[in-house]
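Hi,

Here is the structure I promised to pass on. Have a look at it first, and then read my notes below.

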Amino acid sequence: MANKKKPFYTKKTLLLFRLFALIAIVILITSFIYSIIYKNLFSSYSNTIFYFTNIISIFLLFFVLIYPQKIEVCSVITFIYSLLIFIFEPNNTMGLFMYILTVAMLYARGFYNIHKKQKNIFTIIIFILLNLSQIRFGSKIFLNSLIQTVGFSFIYLLSIYFIKAAIRNDYNTNSSSNILNLKHYDKLTIRNALWLIQIKNKVKYDAIAIKSKVAPGTVKNRLKFIFSVLEVGNKQGFINEYSTFEICYGEYSSEQITSMTFTDDDFIE
């Protein structure tokens, strides 16, 4: 059996997400205060939109600061900034960086695991449309922006390729197969494996509760604990991390676990 898969939501990672949110909050608040003192907040239509976006982003980042498991919320922020920069600030490569960061966050959280081809095509179409929006600034600015975008995109994508190749090589070296063996987790039981198999098969909490003859709240609380032990954050994080994994417990496979008969007391943790 394979060893534990390295989780996405380790304690260090959650701390890093909180630190990221805190730094972003400080930067946005500082920028907002500077604009109030030295600039006219409503000097232009674009400035007004950016300032209101900053306020919304600060609230969203406070949410991430409290719930770092919801780091994908930041992809909303980065996409909005990317959209605004492409529309209002030609030749600003930060828009490209923000868009790539948005895609990277969604990729890390498993957004592209389902309907991958269609979502990749949609992502490329949105990127092309954002670049074409700069035609309104004139052909000279558009061509200059396009050259910069192509150049920086090549560098970013090449960097991502090598990083991904290194990660894949490390993962293949340390993992023999896609198996989640709950026997490796001292606090988890074979009944927990059954519930995770059902979650992986998209069975609702209420249905799991009925089959297990326990209250829905019991299922929800126990699964919350299980997700914490696995360091996946929540249900969606578990699905994103282990959608392609077989769930087992020791020598018992998924098929054997699902065919077992448990008593009512077996589900009381």
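By a nonpolar core I mean a set of buried Ala, Val, Leu, Ile, Met, Phe, Trp, Tyr and Cys residues joined through side-chain atoms within 4.5 Å. Keep in mind that this is a predicted model.

The largest nonpolar core here has 27 residues, and Leu-180, Leu-182, Leu-196, Leu-223, Leu-230 and Phe-238 touch the most other members. Two or more residues come from each of H7, H8, H9 and H10, with H7 giving the most, seven. As for Leu-180, leaving aside residues up to four places away in sequence, its contacts include Leu-230, Phe-238, Tyr-242 and Phe-245. There is also a second, separate core of 20 residues, with Ile-71, Val-73, Cys-74 and Ile-85 among them.

H7 deserves a look of its own. This helix covers residues 190-200, and nine of its 11 residues are buried. Among the buried ones are Leu-194, Trp-195, Leu-196 and Ile-197, but also Asn-192 and Gln-198. Their cover includes helices H8, H9, H10 and H11 plus strand S2. After H7 comes Lys-202, with a positive phi near 65 degrees.

Now for the surface. Ile-29, Ile-33, Tyr-34, Ile-36, Ile-37, Tyr-38 and Phe-62 make a nonpolar patch of about 730 Å². Helix H1 (residues 11-38) is the main contributor, with six residues.

Cheers

Conventions. Residues numbered from 1 in each chain as written. Predicted model: local features only at pLDDT ≥ 70, side-chain atom pairs only at ≥ 80, totals over all residues. Heavy atoms only, no water. Buried < 20%, exposed > 50% of the residue type's maximum accessible area, 1.4 Å probe, protein only. Helix = DSSP H or I, 4+ residues; strand = E, 2+ residues; numbered from the N terminus. Contact = heavy atoms within 4.5 Å. Patch = residues over 30% accessible without salt bridge, like charges linked within 9 Å, V, L, I, M, F, W, Y side chains within 5 Å. Areas by Shrake-Rupley, 256 points an atom, 1.4 Å probe, with all protein chains shown as cover. Salt bridge = Lys/Arg side-chain N within 4 Å of Asp/Glu carboxyl O.
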